[in-house]
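Me: I have a model open and would like to go through it by question and answer. Please keep to what can be read from the atoms.

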Amino acid sequence: MAPQPGRRAVVRVPVATLWTAPEAVRPIDCPALAGSPDVAAWIAGMDRDQLVGDCVLTQLLLGEPVRVTETRPDGWVRVVALGQPAAKLGADGYPGWLRAAHLADPADADPSSPDPTDVGPAGPALSGPGPAAPAPADA
């Protein structure tokens, strides 16, 4: 299902880049825009003068929730990144633009994926078991 304004969606790719505007994208940014983004190739393809500047706001991780605020027929979607507070930019979260292909309906999300917004007492959720607890000291 295509993202719809006023509805929630989740990131369906390992890393999705949040852009200031679709027009800010440069030809060198194509690997980050692919249906399955290749962030390593994107960064490797840039020289010092091409490093990401003001065109990229942040990046979102697999399963991260967003609220869609606008859609365009060219495949771009304006969203609010609900897991990334931005007091000066938006009370709900970081606003910006994503490729619609990088989003999925929350009902279609893989329930086994860790929730990157779950920051509980130990910090962000990680895949796999954490370190073993220390053995109790003898009394």
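Me: Which residues are the closest to the centre of the largest cavity?
Reply: This is a predicted model, and by the rule used the count comes to 1 cavity of 30 Å³ or more. About 70 Å³ of space lies in the largest cavity. The lining is made up of 11 residues, and the closest to the centre are Ala2, Pro3, Gln4, Arg8 and Asp105.

Me: Which strands each supply at least two residues of the lining of the largest cavity?
Reply: The lining divides into 7 nonpolar, 1 polar and 3 charged residues. By element, the strands that each supply at least two of the lining residues are strand 1 (8-11) and strand 7 (103-104).

Me: In what order do the elements of the protein chain run from the N terminus on?
Reply: The protein chain has 2 helices and 7 strands. Read from the N terminus, the order of these elements is β-β-α-α-β-β-β-β-β.

Me: What percentage of the contacts in the protein chain with a separation of 6 or more is between residues 24 or more positions apart?
Reply: The protein chain has 139 residues, and 31% of them are buried. Its accessible surface comes to about 8,400 Å², with 57% of that belonging to carbon and sulfur atoms. Among contacts with a separation of 6 or more, the share from residues 24 or more positions apart is 61%.

Me: Is Thr58 buried or exposed?
Reply: Thr58 lies in strand 3 (residues 56-61). Not counting residues up to four places away in sequence, Thr58 touches Ala16, Thr17, Leu18, Gln84 and Tyr94. Buried means under 20% relative accessible area. Thr58 has a relative accessible area of 19%, so Thr58 counts as buried.

Me: Which backbone oxygen does the side chain of Gln84 reach?
Reply: Gln84 counts as buried because its relative accessibility is 16%. Leaving aside neighbours within four places in sequence, its contacts are Thr58, Gln59, Leu60, Glu64, Gly93 and Tyr94. At 3.0 Å, the side chain of Gln84 reaches the backbone oxygen of Gln59.

Me: What distance separates the C-alpha atoms of Pro95 and Pro85?
Reply: Pro95 lies in strand 6. At 17% relative accessibility, Pro95 counts as buried. Its contacts, neighbours within four places in sequence left aside, are Leu18, Leu57, Arg78, Val79, Val80 and Leu89. Pro85 is 10 residues from Pro95 along the chain, and their C-alpha atoms are separated by 9.6 Å.

Me: How many residues apart in sequence are Val56 and Gly96?
Reply: Val56 is found in strand 3 and is buried, with a relative accessible area of 16%. Leaving aside neighbours within four places in sequence, Val56 is in contact with Thr17, Leu18, Trp19 and Trp42. From C-alpha to C-alpha, Val56 and Gly96 are 9.0 Å apart in space, and their separation in sequence is 40 residues.

Key. Residues numbered from 1 in each chain as written. Predicted model: local features only at pLDDT ≥ 70, side-chain atom pairs only at ≥ 80, totals over all residues. Heavy atoms only, no water. 1 Å grid on protein atoms, 1.4 Å probe; cavity = no way out; pocket = protein on both sides within 12 Å on 5 of 7 lines; lining within 4 Å. Points joined across faces, edges and corners; volume = space filled by probe spheres on them. Helix = DSSP H or I, 4+ residues; strand = E, 2+ residues; numbered from the N terminus. Nonpolar A, V, L, I, M, F, W, Y, C, P; charged D, E, K, R; others polar. Buried < 20%, exposed > 50% of the residue type's maximum accessible area, 1.4 Å probe, protein only. Contact = heavy atoms within 4.5 Å. Areas by Shrake-Rupley, 256 points an atom, 1.4 Å probe, with all protein chains shown as cover. Polar contact = N/O pair within 3.5 Å; in protein donor to acceptor, adjacent residues only side chain to side chain.
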